[in-house]
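Here are my notes on the model, as numbered points. Please read them with the structure open.

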Amino acid sequence: ITPDLLPPVTPQGKRCADIDVPKGRRCIPAGFFALYRSWQYSSEPSLSRAFPTYLDAFLVDTHEVTNGEYAAFVASGGAAPLPEFCGLSSPLSYFSSTYDIERSGWSGGKPDSTLVEHPVICVTRGEARAYCAAKGGLLPTAVQWIRAALGDFPDLKAYPWGNDPCPNGPCDQTNLPAAYSPSCKHDLCNEPAGSYPTDTSVHGVVDLAGSVSEFLRDCDSPEP
C-alpha cells in the first residue's frame with residue numbers, strides 16, 4: 001500500500017483546527033498511521049505486517065502525569081495519598097525474572113521534593129480514570145497511544161529516532177531500564193518527565209518509547 005492508494009480523509013472528521021488545545025497538551029492530527037498485525041522487536045517494522053488506520057484528531061498530554069500534578073489532584077480531594085510501597089515492580093532486566101519492591105516516592109501523604117517532576121507510579125486504574133475525568137478527559141485507547149507515538153503512514157520507525165533502540169552504543173535515547181542503559185542508577189530509571197528530547201514523537205509527545213507504563217482505556221475494567 002502506498003500513500004497514493006489511501007482512502008481520502010473524511011471531510012466530517014475532527015481536525016486540530018476545530019479543537020481548543022490547553023497548555024500541557026498536544027493535538028494529534030487526523031490522519032493515517034501504521035497499525036501492526038503483530039510486533040517483533042527483533043526486526044525492523046515492515047509494511048507486510050502493517051495496515052493504514054485512520055483516526056480523527058484528539059488531545060493527549062505532552063508528558064506523563066508527574067508526582068506534582070498528581071499531588072495537586074490528591075490535595076483537591078480527588079484521591080487518597082499514595083502509599084510508600086505498592087507491591088512488586090517489573091523485572092530489573094527484560095531478560096530476568098528478578099523483581100524488586102516498587103517504591104512510589106511518596107511518604108507522609110506527599111511526594112519527595114526531589115521527585116515532584118518525575119512521573120507518578122503506584123496509581124491504580126480507578127485512580128487513573130478519576131484523574132483523567134477531573135481533567136475533562138479519558139484514558140487513551142491503544143490506537144490513540146500508537147497514533148501519538150508514530151508518524152503518518154507509511155512512517156514505520158520503531159522509535160522516534162529510528163529502528164535501532166541503541167544506535168550509539170549506550171541506550172541513552174530514552175530512560176530505558178538499567179538492563180539496557182548502563183547510565184541508569186536505579187532499577188526502572190524513573191527520571192523527570194521530558195528528560196530525553198530524543199524520545200519525542202513527531203507529534204511532540206515525550207517519553208512514549210521509555211519511562212513508565214501507561215494505562216489504556218481498551219484494557220479498562222471495573223476493578224481498581
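1. Contact here means heavy atoms within 4.5 Å. The model is a predicted one. With that cut-off in mind, look at helix α2: its buried residues pack against α1 (67–75).

2. Which residues of α2 are buried? In this helix, residues 125–134, they are Arg125, Glu127, Ala128, Tyr131 and Cys132. These residues lie on the same side of α2, because they cover an arc of only 160° around the axis. An α-helix has 3.6 residues a turn, so residues three or four places apart point the same way.

3. The other side of α2 reads differently in the list: Ala133 and Ala134 are exposed there. Exposed stands for over 50% relative accessible area, buried for under 20%.

4. What follows α2? Glycine 136 does, and its phi is positive, near 80°.

5. Now the whole chain. Three helices and eight strands form its secondary structure. Starting at the N terminus, the order is β-β-β-β-α-β-β-β-β-α-α.

6. Residues 24 or more positions apart account for 67% of them.

7. On burial and surface: the chain has 224 residues, and buried ones make up 37%.

How values were computed: Residues numbered from 1 in each chain as written. Predicted model: local features only at pLDDT ≥ 70, side-chain atom pairs only at ≥ 80, totals over all residues. Heavy atoms only, no water. Buried < 20%, exposed > 50% of the residue type's maximum accessible area, 1.4 Å probe, protein only. Helix = DSSP H or I, 4+ residues; strand = E, 2+ residues; numbered from the N terminus. Arc of directions from axis to C-beta.
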